[in-house]
Amino acid sequence: MRVNKKYLLGKVGQGLEIAIHSLSVSRVHIAASNLGMSQRMLEISLKRAHDRVTFGKPIIDRQAIRMKVADMATHVHALRTMVYDFAKDYEKDPEGEYIEEKAAMCKLFSIWTTKIVSDEMLEIFGGIGYFEDCEYGPVERLYRDVRAMWLEEGTPTVQRITISRQVIKHDGVLQYED
């Protein structure tokens, strides 16, 4: 296709490079969205765990529920750290050599985080979590929406291919040296 020079982004022949760079940034936007959803799922899970009483006490007092909360919070924190780390590197050098792999890592980890957090949320909620009119918010919708994020900007397999290609290229170095 012929394109007038005034409409070119970058230089002739850079199209794939520009597209991949845009894809990297978009992947982190999805990771940030997943972070927000995961944080919300953690918050409503905590509220439900305080309110839900079984055998005379709130389920938040049960060790099994506390382990779920700990796992959820750990994943949310780790994802937040990865997204912030990417943002710091991107701000330092938007064309940097680690941008593509870190973006793919953020996206991949965000998928696993939302899966774990949404599964734990549903277990904390029990059967009521499947109903649309749940008083704690859109539990069932969050559960469904996080699954759709698996497909945006590449499946987990695509992210792993991107990550492995870049890690091999950089001999395992994963960050800028300060």
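Predicted model: local features only at pLDDT ≥ 70, side-chain atom pairs only at ≥ 80, totals over all residues.

Visitor: Fine. How many helices and strands does the protein have?
Guide: The secondary structure comes to five helices and two strands.

Visitor: Which pattern do they follow along the sequence?
Guide: The pattern reads α-β-β-α-α-α-α.

Visitor: And what share of the residues counts as buried?
Guide: The protein has 178 residues, and 40% of them count as buried.

Visitor: What about contacts between residues at least 6 apart in sequence: what percentage join residues at least 24 apart?
Guide: That figure is 78%.

Visitor: Let's do helix packing. How are two packed helices described, in general?
Guide: By the angle between their axes and the distance between those axes.

Visitor: Then at what angle do α2 and α3 cross?
Guide: They cross at roughly 160°, and their axes come within 9 Å. Because angles over 145 degrees count as roughly antiparallel, α2 is roughly antiparallel to α3.

Visitor: Is that crossing left-handed or right-handed?
Guide: α2 passes α3 in a left-handed crossing. The contact of α2 with α3 has 19 nonpolar, three polar and seven charged residues.

Visitor: What about α3 and α5, at what angle do they pack?
Guide: Helix α3, residues 99-125, and helix α5, residues 156-169, pack at about 145°. Their axes are 9 Å apart, and the crossing of α3 and α5 is left-handed.

Visitor: Which residues make the contact?
Guide: On α3 they include Glu 100, Ala 104, Leu 108, Ile 111 and Trp 112. On α5 they include Pro 156, Arg 160, Ile 163 and Val 167. By class, the residues of the contact of α3 with α5 divide into eight nonpolar, three polar and five charged.

Visitor: I keep looking at Trp 150. Where is its place?
Guide: Trp 150 is in the loop between α4 and α5. Setting aside neighbours within four places in sequence, Trp 150 is in contact with Lys 107, Ile 111, Trp 112, Lys 115, Thr 155 and Pro 156. Ile 111, Trp 112 and Pro 156 are also among the residues in the contact of α3 with α5.

Visitor: How many residues separate Trp 150 and Ile 111 along the chain?
Guide: They are 39 residues apart along the chain, with their C-alpha atoms separated by 6.1 Å.

Visitor: Changing topic: how many residues are in the largest nonpolar core?
Guide: That core has 30 residues, and those with the most contacts inside it are Met 41, Ile 65, Met 121 and Ile 124. Helices α1, α2, α3 and α4 each supply at least two residues of this core. α1 gives the most, with nine residues.

Visitor: Tell me about Met 41. Buried or exposed?
Guide: Met 41 is in helix α1. Its relative accessible area is 0%, so Met 41 is buried.

Visitor: What is Met 41 in contact with?
Guide: Leaving aside neighbours within four places in sequence, the list is Met 72, Thr 114, Val 117, Ser 118, Met 121, Leu 142 and Val 146. Met 41 and Leu 142 are 101 residues apart in sequence, and 7.6 Å apart from C-alpha to C-alpha.

Visitor: Last one, Thr 113. Where is its place?
Guide: Thr 113 is in helix α3. Thr 113 is buried, with a relative accessible area of 0%.

How values were computed:
Residues numbered from 1 in each chain as written. Heavy atoms only, no water. Axes fitted to C-alpha atoms, helices over the stretch in contact; angles between N-to-C directions. Helix = DSSP H or I, 4+ residues; strand = E, 2+ residues; numbered from the N terminus. Left-handed = near helix turned anticlockwise from the far one by under 90°. Contact = heavy atoms within 4.5 Å. Nonpolar A, V, L, I, M, F, W, Y, C, P; charged D, E, K, R; others polar. Core = buried A, V, L, I, M, F, W, Y, C linked by side-chain atoms within 4.5 Å. Buried < 20%, exposed > 50% of the residue type's maximum accessible area, 1.4 Å probe, protein only. Parallel < 35°, antiparallel > 145°, perpendicular 65-115°, else oblique.
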